[in-house]
Structure formats: structure tokens, C-alpha cells
Amino acid sequence: PAATPPLVNSPATGNASAVPANDHKGRFISSMLPYAKQAEAATGVPARFILAHAALESGWGQRQIQAQDGTASYNLFGIKATAWSGQSAAATTTEYSQGQAAKVAQKFRVYADYGAAFTDYAKLLQQRYGAALAAGNDGAAFASGLVNHGYATDPAYADKLGRVIASVTAKLGQV
């Protein structure tokens, strides 16, 4: 099966080649920053929040959802294929119900490339997550806005996202 595409420098991405090969978080940020900036322009959500959300959902690009044929889904945000007419990929995910974790099979959206994924994510924020959009520069309010409107079922999700936002913010000073 085909591997997930590497996060490398290209005309559409950042200067990931300037980041040491062993710094996968720095490479992820560098590669995805141009897309996050486009989503920021569309939504007003700081690029660092968008990068953090993608990092949390994809394990900093290390655990991306793959289509059945092994090709990349480019779905860094874990967006489910609910009300979606495009391609989808099945994957096992952890969902919480009444505080109990359970592994379940879900269908997730498949995109043509990372740019399409970030564009769709921006549209999803605009359509369903007004509280997250209204958070301004408050990372905790952004995370809570997502959780309170159903983005994730993990009771610790807002805290986890807050920690990744802090990590991305720190890394951006180094990238």
C-alpha cells in the first residue's frame, strides 16, 4: 500500500526542508503553515490554533487516516463523512459515551490534497462552530467552542487541544 505523503517542501507548503529531519513536529508545522494561514484568512481563527487542531487529530501528521487502498486521505482533522458526498475512508476511532471509551468504526472524509482538507475544515468551522470562531486569540475558548458543539466526544479533548496549542505556539517561535 502507498504510504502517507511525506511532509516536505513544495510550492504549496512551507520550508520544511529547513527543519531538522528528526523534528517531526517542526516539519509538520512548517509544511502545514501555509494552508493554516489560508484557513486563518477565511475564518479569523489563528493559524496556530488550526495547526494545533490538525496536530492533535493526526498525531502531528504521523497517524493520518488512509483510504482502503492505502492512499492518503489528507484528512488531518478527523472530519467524519457525515452529510458528505465525496470519497470516504473507514477507520477505527475512539468515541466516548457517558465517560466510557469505546473503539468504533467510522467513515471519514477523503480529500484530493492538504489544501482541500484545510479549505473544507474552514468551511466546517464557519458552518457549525461559531463559538470557536468567536474565540479570538483565546485558545481555551477555541477548544471549548469545538467541544461544546460536538467536534469531539473525549471529555479531556479541550484540555488536550489547549496543550497542543501551547506546543505549536512555542514551536512557531523556533520554525
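The side chains of E95 and K80 form a salt bridge, with 2.6 Å from N to O; the term requires a side-chain nitrogen of Lys or Arg within 4 Å of a carboxyl oxygen of Asp or Glu. Because E95 belongs to strand 1 and K80 to the loop between helix 2 and strand 1, the pair ties together parts 15 residues apart in sequence. Four salt bridges are found in the whole structure.

The model is predicted: local features need pLDDT of at least 70 and side-chain atom pairs pLDDT 80 or more, while totals for chains, interfaces and linings use all residues. Residues are numbered from 1 along each chain, and side-chain values use heavy atoms, without hydrogens and water.

The largest pocket has a volume of about 830 Å³. A pocket is an open set of points on a 1 Å grid where a 1.4 Å probe fits, with protein on both sides within 12 Å along at least five of seven lines; lining residues have an atom within 4 Å of a point. Of its 31 lining residues, E57, G78, K80, T93 and F108 are the closest to the centre. Strand 1 gives the most to this lining, six residues. The elements giving two or more residues are tabulated below.

| Element | Residues |
|---|---|
| Helix 2 | 47-58 |
| Strand 1 | 88-97 |
| Strand 2 | 100-109 |
| Helix 3 | 114-128 |
| Helix 6 | 157-172 |

Helices are DSSP runs of H or I with at least four residues, and strands are E runs of at least two. In helix 1, K25, G26, I29 and L33 meet V168, K171 and L172 of helix 6, contact being heavy atoms within 4.5 Å.

Conventions. Points joined across faces, edges and corners; volume = space filled by probe spheres on them.
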